[in-house]
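Me: I have a structure here that is new to me. Can you walk me through it?

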Amino acid sequence: MTMLTRREALQLVGGAAAAAALGSNASAQAPAFPKGAVIRTLFKDYAPEELAGGATLFHEHLSLGVDFGEKFRAASAAVLAAQGLPTANAAAPPPAPPGTDPMRDVDLMVEELRAAQRDGVACLVDAGLEGAGMDLAFIRAAAKKSGLPVVKGAGFYVEPFYPKEIAGMSEEQLVRILLKQVDSYPAGVFGEIGSWDEMSKVERKVFRAVGKAHLATNLPIFTHTGIPGKAAIEQLDLLEDAGVDPKRVAIGHLGNLADPNLYVHKTLCRRGAFVGFDRQGGRGDAAVVPLVMGLLNAGFADHVLISGDASRSYGKPLTAFLPQLKAAGADDATLHRITVDNSRRFLAFVPKKSRKA
Ligand SMILES: [Zn+2]
């Protein structure tokens with residue numbers, strides 16, 4: 001598999017910006033943002049144009065609990081078993097040796113973030129949430145020291161990871177807690193808000209509350225879906241029923257939905273939502289290339305988002321996945337539009353009130 005050098009990746013994501021400065025056709029595609037729109041990172045609000053120098057990755061992880069992987073596998077197995085489906089790949093990978101896990105060592109994480117910048121990343125989103133072992137102080141320290149703009153997600157992940165008091169809360173109580181999170185981080189997006197393929201009653205309640213919290217803040221929303229992806233449509237339905245414009249929503253993990261007809265993907269695009277191919281830069285890439293190309297060829301390039309859902313090597317979606325799209329026929333301007341423009345269009349929002357910190 002061809003890997004881009006850092007310089008080449010940088011040229012690819014920065015290429016159209018350079019071309020725009022030279023007055024080529026690429027400038028005709030510069031995205032327009034609503035007046036007053038910002039991208040809210042942990043330490044400052046950026047005008048979206050300020051982050052045009054590289055890619056923005058909309059779904060990554062700087063901090064997850066040590067038991068996250070084990071808990072996730074157990075929850076997945078329980079869901080599959082409840083549906084009478086086989087629970088394969090039960091074996092957990094061995095834990096990282098001490099001193100080698102960037103999630104447990106701020107200096108290692110800072111190195112990862114700096115490497116991402118060298119790979120052409122201008123900004124990334126942390127999708128970790130309360131209940132899933134997210135350590136806000138760690139994320140803030142790594143972001144500050146690296147200098148990489150980091151957007152913090154808010155909300156609650158999937159039912160097995162909800163703090164236990166969530167189950168008994170009313171929707172209105174949940175909305176108040178979400179708004180408190182948003183102010184305190186401060187958050188720049190809701191996500192990753194998730195469910196398995198059969199949404200639970202409590203997950204539906206959380207989705208409705210997130211929809212209402214969106215109306216109060218204007219913050220965009222990205223989601224986590226299970227396999228094979230039936231919940232993708234239901235998630236958008238719940239948010240739209242709560243009053244959210246689908247244009248402000250990214251439905252995630254749709255690289256897992258290997259439908260060559262792209263029925264769900266295209267349905268989401270037609271409704272205005274973004275479609276997240278957010279586990280790229282690794283082993284699953286080859287199967288996802290035809291899905292992305294299918295959407296590009298159907299005219300849905302403006303709806304495609306790419307990220308890694310990674311906890312290290314954040315530049316991989318750019319250095320490893322983009323060359324595969326390019327080899328499949330995607331041109332540089334389109335790849336730039338997806339990685340640099342779409343993710344900024346997704347994250348940019350007009351705040352209903354100014355940030356607290
Ligand atoms: Zn994730």
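Me: Where is Ser-313 found?
Reply: Ser-313 is in the loop between strand 10 and helix 10. Helices (H or I, at least four residues) and strands (E, at least two) are DSSP runs, numbered from the N terminus.

Me: What kind of model is this?
Reply: This is a predicted model, where local features need pLDDT of at least 70, side-chain atom pairs count only at pLDDT 80 or more, and totals for chains, interfaces and linings use all residues. Residues are numbered from 1 along each chain as its sequence is written, and side-chain values use heavy atoms, with hydrogens and water left out.

Me: Back to Ser-313. What is its phi?
Reply: Ser-313 has a positive phi of about 50°, although it is not a glycine.

Me: Is Ser-313 buried or exposed, or in between?
Reply: Ser-313 is partly exposed, because its relative accessible area is 34%. Buried means under 20% relative accessible area, exposed means over 50%, and partly exposed is in between (1.4 Å probe, protein chains only).

Me: And Leu-262, what is its phi?
Reply: The phi of Leu-262 is positive too, at about 55°, and Leu-262 is not a glycine. Leu-262 lies in the loop between strand 8 (249-251) and helix 8. Leu-262 counts as buried because its relative accessibility is 3%.

Me: What about helix 8 itself, which residues does it cover?
Reply: Helix 8 is residues 263-271, and Thr-267 is found in it. The side chain of Thr-267 reaches the backbone oxygen of Tyr-263 at 2.6 Å. That is a polar contact (a pair of N or O atoms within 3.5 Å; within protein, one must be able to donate a hydrogen and the other to accept it, and residues adjacent in sequence count only if both atoms are side-chain atoms).

Me: Why does Thr-267 count as buried?
Reply: Because its relative accessible area is 18%.

Me: New topic. Which residues coordinate the zinc ion?
Reply: His-59 (NE2), His-61 (NE2), Glu-192 (OE) and Asp-309 (OD) coordinate the zinc ion, at 2.0 to 2.2 Å. Donors are N, O and S atoms within 2.8 Å of the metal (3.2 Å for Na, K and Ca); water is not among the atoms, so sites may look incomplete.

Me: How are the donors of the zinc ion spaced along the chain?
Reply: The spacing is H-x1-H-x130-E-x116-D. His-59 lies in strand 3 (residues 55-60) and Asp-309 in the loop between strand 10 (304-306) and helix 10, so this pair ties together parts that are 250 residues apart in sequence. His-59 and Asp-309 are both buried.

Me: And Glu-192, where does that lie?
Reply: Glu-192 lies in strand 6. A cis peptide bond joins Gly-191 and Glu-192, with omega about 0°. The peptide bond from Tyr-185 to Pro-186 is cis as well, with omega near -10°. Pro-186 is in the loop between helix 5 (171-184) and strand 6 (189-194).

Me: Let's do helix 10. At what angle do helix 10 and helix 11 pack?
Reply: Helix 10 and helix 11 (residues 332-347) pack at about 140°, with their axes 10 Å apart. Axes are lines fitted to C-alpha atoms, for helices over the stretch in contact, and angles run from 0 to 180 degrees between N-to-C directions.
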